[in-house]
Amino acid sequence: VHIINNGCSSRDNESRDEMEEKRESSELNPLSTGDAGDVIDRRSRICRERLPCGVRLLESVGAFNAWPQNSHKALVLVLTFCCYSTFHLSRKSFSAVKGVLKSCSLNESYRNTCCPGWAPFNESHGNAILGSVDYSFLFAYAVSMFISGLVADRVNLRYFLVIGMIGSGLGSILLGVAYFANIHVLYYFILVQLGTGAAQSMGWPAVVAVLGHWFGKERRGLIMGIWNSNISIGNILGTVIPSIWATCDGPWGWSFVVPGFIIIGVSVPVFLLLVIAPNDVGLPSPVHYDVLDYTELEEEKMELKSIGNAPNTVTEPKPKPAKGQAISICRAVLIPGVIEYSLALFFIKLVSYTFLFWLPLYIYRSNEGFIGGIQISNQFSDWLSIFFDVGGILGTILCGVLSDIINTRALVIVVLLYTSVPLLFLYRTFGADHIAITVVLLVVIGACVNGPFGIITTAVASDLGTHKSLRRNENAKATVAAILDGTGSLGAAIGPLIAG
């Protein structure tokens with residue numbers, strides 16, 4: 001059953017109902033037909049004015065005429081994919097330059113060359129200082145995530161997302177300014193990371209809510225699994241691009257400035273082209289439920305009886321429009337499965353973000369700088385860490401496909417997580433024996449850790465955000481996604497801090 005909404009958004013459902021009543025009453029009173037038509041025409045003009053100007057331009061040239069629904073879905077997928085890739089691109093930069101910021105210690109005289117480092121990170125307790133900067137970002141990200149989820153369900157998601165992108169870009173640029181302005185004050189880096197973490201938290205709830213508006217339950221695991229590879233691709237780009245300047249004698253400030261300008265640049269097409277929901281362009285909303293609940297059928301029967309039109313038997317009613325009232329955090333926590341998946345994501349992100357922030361430096365510093373008898377550089381360790389994210393791409397797609405096939409996401413998640421435990425011990429023991437062993441283990445570990453990570457934060461978040469207990473309230477997606485990712489981010493903050 002498709003929920004057909006031709007209004008501007010779910011917030012306009014009450015006004016749409018009034019128009020439908022006028023339209024129905026016009027059948028009994030022909031004199032009112034013109035008035036109802038004027039209301040609908042006037043409202044249609046308002047809807048069009050609310051669309052992004054880039055979409056209005058594309059519509060004027062007939063860009064969506066052939067396949068309107070598929071064309072809009074493809075555009076939303078591409079925009080949100082590129083959008084969140086750049087969030088991770090700008091987030092990964094600090095990890096890529098850690099080997100340059102922290103100088104070699106006294107017991108690392110085996111290296112032919114040592115980076116002089118950058119104060120205050122080149123002091124004897126440099127790892128702890130780097131960890132504190134990471135923690136500043138992740139703490140602000142985790143705390144702000146809960147707030148962002150609540151706000152996102154109540155505001156225009158396009159504006160909300162663009163503000164987060166611009167804020168994240170400015171935060172990344174300010175980190176690069178430290179190099180050009182010769183800033184060595186620890187509190188500068190901490191304050192910038194606090195602000196950047198808050199801005200970054202605006203991304204995930206918004207993109208998950210937008211995808212939830214456009215894509216229903218059918219093949220959600222596959223679609224979300226493929227789409228969620230944007231995280232790993234963003235991490236890969238966030239390693240490759242900054243590593244160009246992350247050398248001992250290189251201008252590492254550009255490692256932050258360039259990603260900052262990239263995410264700000266991508267915010268432009270997002271602002272011009274992103275349509276938040278199918279209702280905004282007169283398309284039907286997707287199906288989020290397998291069948292209608294019996295209780296809802298009974299309620300529909302009672303409503304029909306109240307107006308004297310109840311049939312003798314209960315028939316499948318016309319679906320009600322999605323309710324537009326956002327829910328509170330307390331109400332979202334009570335949705336079955338939210339607490340369980342949030343706790344699971346806490347420990348998953350603890351491991352994943354420890355790799356995200358520390359893997360390049362771990363590869364560079366472990367085993368006295370050698371892998372299989374070959375001495376490696378900081379830049380090579382950055383490139384080698386990419387294979388963890390390559391595994392993440394494979395893992396999210398595999399996890400999504402399997403969860404769709406067996407229709408049980410929890411089972412797939414548990415199997416992959418249990419598989420990752422012995423693999424982590426194997427990497428700790430044999431990871432430095434040969435480069436090929438390192439590559440294989442990083443790919444498999446990335447698949448087993450980031451696969452469940454990706455499916456929980458996308459497909460599971462959409463499942464829970466459209467749970468039947470919400471009674472078709474589709475304005476809960478961002479809040480649910482924020483609770484899941486916010487709880488996980490608390491684990492993400494703890495992991496890198498312990499590693500530091």
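Okay, let's start with a cysteine: Cys 53 counts as partly exposed because its relative accessibility is 41%, where buried means under 20% relative accessible area, exposed over 50%, and partly exposed in between, with a 1.4 Å probe and protein chains only. Before I go on, this is a predicted model, so local features need pLDDT of at least 70 and side-chain atom pairs count only at pLDDT 80 or more, while totals for chains, interfaces and linings use all residues. Residues are numbered from 1 along each chain as its sequence is written, and side-chain values use heavy atoms, with hydrogens and water left out.

Back to the cysteines. A search of the whole structure turns up 0 disulfides, a disulfide being a pair of cysteine sulfur atoms within 2.5 Å. Cys 83 has its nearest cysteine sulfur, that of Cys 82, 8.8 Å away. With a relative accessible area of 0%, Cys 83 is buried.

Now the core. The largest nonpolar core has 108 residues, and Phe 121 and Trp 204 have the most contacts inside it. By nonpolar core I mean buried Ala, Val, Leu, Ile, Met, Phe, Trp, Tyr and Cys residues joined through side-chain atoms within 4.5 Å. Helix H19, residues 435–465, gives this core its largest share, 14 residues; helices here are DSSP runs of H or I, at least four residues, numbered from the N terminus.

So who packs on H19? Which angle do H15 and H19 make? About 145°, with the axes 10 Å apart, H15 being residues 338–365. Those axes are lines fitted to C-alpha atoms over the stretch in contact, and angles run from 0 to 180 degrees between N-to-C directions. By class, the contact has 18 nonpolar, 3 polar and 1 charged residues. Ala, Val, Leu, Ile, Met, Phe, Trp, Tyr, Cys and Pro count as nonpolar, Asp, Glu, Lys and Arg as charged, and the others, Gly among them, as polar.

Next, Phe 146, which sits in helix H6, residues 126–152. At 23% relative accessibility, Phe 146 is partly exposed. Its C-alpha is 9.5 Å from that of Ala 478, 332 residues apart along the chain. Beyond neighbours within four places in sequence, Phe 146 contacts residues including Ile 329 and Ile 483, contact meaning heavy atoms within 4.5 Å.

Most residues other than glycine have a negative phi, and most peptide bonds are trans. The bond from Ala 119 to Pro 120 is cis, with omega near 10°. Asn 407 has a positive phi, near 60°, and lies in the loop between H17 and H18.

Methods: Helices (H or I, at least four residues) and strands (E, at least two) are DSSP runs, numbered from the N terminus.
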